[in-house]
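These are my notebook entries, kept for anyone opening this structure for the first time.

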Amino acid sequence: MTTTDSPPDAKPGRLKPPARRRNSGDTERGFSRVFRWITTGSGAFLLLVLAAVAVFLIARGLPALTASPDELSGKGGLPTGMNSLWDLVGPLVFGTLLAATMALLLATPVAIGIALFISHYAPRRAASVIGYVIDLLAAIPSVVFGLWGGRTLAPIISDVWVWIAGVLDFLPFWTVNVTNTGRSLATASVVLAVMVLPIITAVSREVFLQTPTLHEEAALALGATRWEMIRTAVLPFGRSGVISAAMLGLGRALGETMAVLMILSPGILYSFQIFDSGQQQTIAAFIASRFAEASGLAVNVLIATGLALFVITMVVNMGARAIVARRKEFSGAN
Amino acid sequence: MAQRIDVKDLNIYYGDFLAVEGVSMTIDPKSVTAFIGPSGCGKSTFLRTLNRMHEVIPGARVDGSVELEGVDLYGDDVDPVAVRRTVGMVFQRPNPFPTMSIRDNVLAGVKLNNKRISKSDADELVESSLRGANLWNEVKDRLEKPGSGLSGGQQQRLCIARAIAVKPQVVLMDEPCSALDPISTLAIEDLIQELKKDYTIVIVTHNMQQAARVSDRTAFFNIAGTGKPGRLIEMNDTATIFSSPAEKATEDYVSGRFG
Ligand SMILES: Nc1ncnc2c1ncn2[C@@H]1O[C@H](COP(=O)(O)OP(=O)(O)O)[C@@H](O)[C@H]1O
Ligand SMILES: [Mg+2]
């Protein structure tokens, strides 16, 4: 392996530069070697694409970042009344995080419940039917969700929001505003929750199914009821997997465009009035709504907001990894 | 804290497959009973019917009766969860909960059973259970560390501590030493001798020397061929089984002239 001489057993006629053999086993031949190139290549390609996207976002976003306030407001880069880029990006980041977080808070418990039902409660036939329905949900295009959310769900669910706002009326320093159209961030979040439900459910179900029988039986043999068994063996085992699942869902919720665009009546405010219209907007929906008619510096502004979304997604993913890694000692990997 | 078990005409099924047929036996309190026999003859299957763990497997069922101090464990109004709190179990492979510390592993069953326990009671129980499992001195300085960081033998003793922490009447052990090295095996065998002062112990083992060393009574199971049900061939004092068994099959098996 260390020699650079042509190996005696190398088949003639095959493309095999001897120096390349150094870091591979003597037994690596033919397909195995090709396969390694393919995997290494795809990995490198993925990094390249990521880097290309980052470079594009920074390069094209930079003019907006460096432009003076006069230029920004003068050339129509910013909506009227705004003086700096942060006036735009700040509320958009806020709106994006708020929508995605609410969607996640709604979806994750439901997804865990469904996943547990499929993996540990339902009879086999029912489990596969439910699993199939959930997978179907994932196949529905987001435009359809947008249509349904805006046309059907919003008018119906607005009654619920009105009711909740009424209940919250006792809050002393805060008036809960509510729109009768239902075109609020709360409605958008509900639809986002439905959209991220399949991915969180599917991943959680896989994780729960992988709980070692050994640990389930350990709990049962101690006199655990089924729910206690799930609490002692299944949930702790699946914890990091569920976090990963939720982060996958969060990634989708952060970037979802059409559904939000078609449901939400937007505004660019730092506002917790989630039942009202004209309050918040998400980055993705904002870009989609403006991109067609934008030109000049306005395009750079949009790309700068895109850069913000890119950074958020990265931070969310790294945060998730940190959470998963922190409990590694207790993960049972050894 | 030890009770007698009476098994009558027990047939054990996996779906339609009759795995063990017609077992009747009596297991004495405060003694060690060993089950021996060739692989696949249904020792584990039978053992798991003694705390209703058998029915955890989909389609698995039994008919016949298993009485603990005269109460049929398979009676209509008996809760399997309650049975398992009375009849504890240690598995072939050590299975401490990997996400829990050593201390939490010991307390896992107790927290299920009566939910709230004061810190001082918990500390006492952790210590007494770990002492009972001959593990206290080895782990007393790292109770908050994960149980999965222990050696295989220590993990198995942790599982025993976890089982006795809920104060069962009977402890079932399914080849508890088969995944362990000889030193850890000796530690567990010594422990079994101590445990029988307080508990009724039933141990499955494929190791005849081990059966001879640790048990007071031995039951020999056999199987006529693949697909046939396993049966209890004979049961007697361990010394009798190994010196002058009544059945030819038993003699062949214990003398190593099997198959
Ligand atoms: N989960 C199961 N499902 C179906 N059959 C099983 C299962 N576990 C064991 N068996 C069958 O039951 C018989 C007895 O097995 P087992 O009790 O494990 O034997 P032993 O512990 O004596 O080696 C074997 O024929 C085995 O194939
Ligand atoms: Mg077995």
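I took helices as DSSP runs of H or I with at least four residues (strands are E, at least two), numbered from the N terminus. Axes are lines fitted to C-alpha atoms, for helices over the stretch in contact, and angles run from 0 to 180 degrees between N-to-C directions.

A note on the source: this is a predicted model, where local features need pLDDT of at least 70, side-chain atom pairs count only at pLDDT 80 or more, and totals for chains, interfaces and linings use all residues. Residues are numbered from 1 along each chain as its sequence is written, chains are lettered from A in the order written, and side-chain values use heavy atoms, without hydrogens or water.

**Entry: α1 and α11 of chain A**

I looked up α1(A) (residues 30-66) and α11(A) (residues 297-326), and found their axes coming within 7 Å and crossing at roughly 135 degrees. The two helices are therefore oblique to each other. Their crossing is left-handed (the near helix is turned anticlockwise from the far one by less than a right angle; clockwise would be right-handed). Contact means heavy atoms within 4.5 Å, and here it includes A:L50 and A:F56 of α1(A) and A:F310 and A:M314 of α11(A). I find 17 nonpolar, 3 polar and 1 charged residues in this contact. Here Ala, Val, Leu, Ile, Met, Phe, Trp, Tyr, Cys and Pro count as nonpolar, Asp, Glu, Lys and Arg as charged, and the others, Gly among them, as polar.

**Entry: α6 and α8 of chain A**

Next I checked α6(A) (residues 185-209) against α8(A) (residues 226-255): they pack at about 150 degrees, with axes 8 Å apart. That makes them roughly antiparallel. The crossing is right-handed. Among the residues that meet are A:L192 and A:F208 in α6(A) and A:V234 and A:R252 in α8(A). The contact divides into 16 nonpolar, 4 polar and 1 charged.

**Entry: where chains A and B meet**

Then I turned to the interface, to which chain B gives 30 residues and chain A gives 23 residues. About 2,200 Å² is buried, and carbon and sulfur atoms give 64% of it. Buried area is the accessible area (1.4 Å probe) that two parts lose on being put together, summed over both. B:F97, B:T99 and B:L112 supply 27% of what chain B buries against chain A, more than any other three residues.

How many salt bridges does the rule find across the interface? I count 2, taking a side-chain nitrogen of Lys or Arg within 4 Å of a carboxyl oxygen of Asp or Glu. A:E228 forms a salt bridge with B:R85, their closest N and O atoms being 3.5 Å apart.

Note on methods: Parallel < 35°, antiparallel > 145°, perpendicular 65-115°, else oblique.
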